[in-house]
Amino acid sequence: MKKVLSGIAVVAALCFAGSVVRAQDAANGEKTYKAKCAGCHGANAEGKPAMKAPAVKGKTAEEIQKQISTSPKHAGFKSLSADEVKEIAAYLATLK
Ligand code: HEC
């Protein structure tokens, strides 16, 4: 019985750690987004017609990575790491 209980405790701790990590990712992503992307895509990722930039709410890391590596508008962001892109995606997912 003790074993089962400690097993449950470990699983619960892992779940909790997972959600903390994700919240931290989104917080880091928010910083990167506000510093590098908000100027064109808007403070809340709603898009800015004046910049011809579409809304990017809920974009996945794959979509962002693709844009960053193919669009000339994003030529300056090739230096973003895969982790930073994931963090931005985690933040954009919170805006849906
Ligand atoms: C200089 C202005 C500018 C900045 C800064 C910028 N973007 Fe963009 N972005 C655009 C424009 C304009 C488009 C429209 C497609 C194109 O021209 O490539 C676009 C398109 C996109 C798209 C595709 C949206 C769609 O619906 O197809 C994504 C995703 C994206 N940007 C993410 C980002 C992220 C993440 C950052 C910050 C690292 C960023 N952009 C910074 C101007 C910008």
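**Close-up views of a predicted model**

**View 1. The shell around the ligand draws on helices α2 and α3.** Helices α2 (38-41) and α3 (61-70) each supply at least two residues of this shell. The model is predicted. The shell counts 19 residues, and Cys-37, Cys-40, Ala-53, Gln-67 and Ser-71 come nearest to the ligand. By class, nine shell residues are nonpolar, five are polar and five are charged.

**View 2. The largest nonpolar core holds 11 residues.** Its members are Tyr-33, Cys-37, Ala-45, Val-56, Ile-64, Val-85, Ile-88, Ala-89, Ala-90, Tyr-91 and Leu-92. Helix α4 (residues 82-93) gives the largest share of this core, six residues. In soluble globular proteins, nonpolar side chains tend to be buried together. Beyond its neighbours within four places in sequence, Val-56 is in contact with His-41, Ala-45 and Leu-92.

**View 3. Helix α4 and its cover.** The buried residues of α4 are Glu-84, Val-85, Glu-87, Ile-88, Ala-89, Ala-90, Tyr-91 and Leu-92. Helices α1 (2-36) and α3 are among the elements covering them. The length of α4 agrees with expectation: at 1.5 Å a residue, its 12 residues should span 16 Å, and its end C-alpha atoms are 16 Å apart.

**View 4. Pro-49 sits in the loop between α2 and α3.** Pro-49 counts as exposed because it has 8 C-beta neighbours inside 10 Å, and the cut-off for exposed is 12 or fewer. From Gly-39, Pro-49 is 10 residues away in sequence and 12 Å away in space, C-alpha to C-alpha.

Key. Residues numbered from 1 in each chain as written. Predicted model: local features only at pLDDT ≥ 70, side-chain atom pairs only at ≥ 80, totals over all residues. Core = buried A, V, L, I, M, F, W, Y, C linked by C-beta atoms within 7 Å. Buried ≥ 20, exposed ≤ 12 C-beta atoms within 10 Å, placed from the backbone. Helix = DSSP H or I, 4+ residues; strand = E, 2+ residues; numbered from the N terminus. Contact = placed C-beta atoms within 7 Å. Near = placed C-beta within 6 Å. Nonpolar A, V, L, I, M, F, W, Y, C, P; charged D, E, K, R; others polar. Expected span 1.5 Å × (residues − 1).
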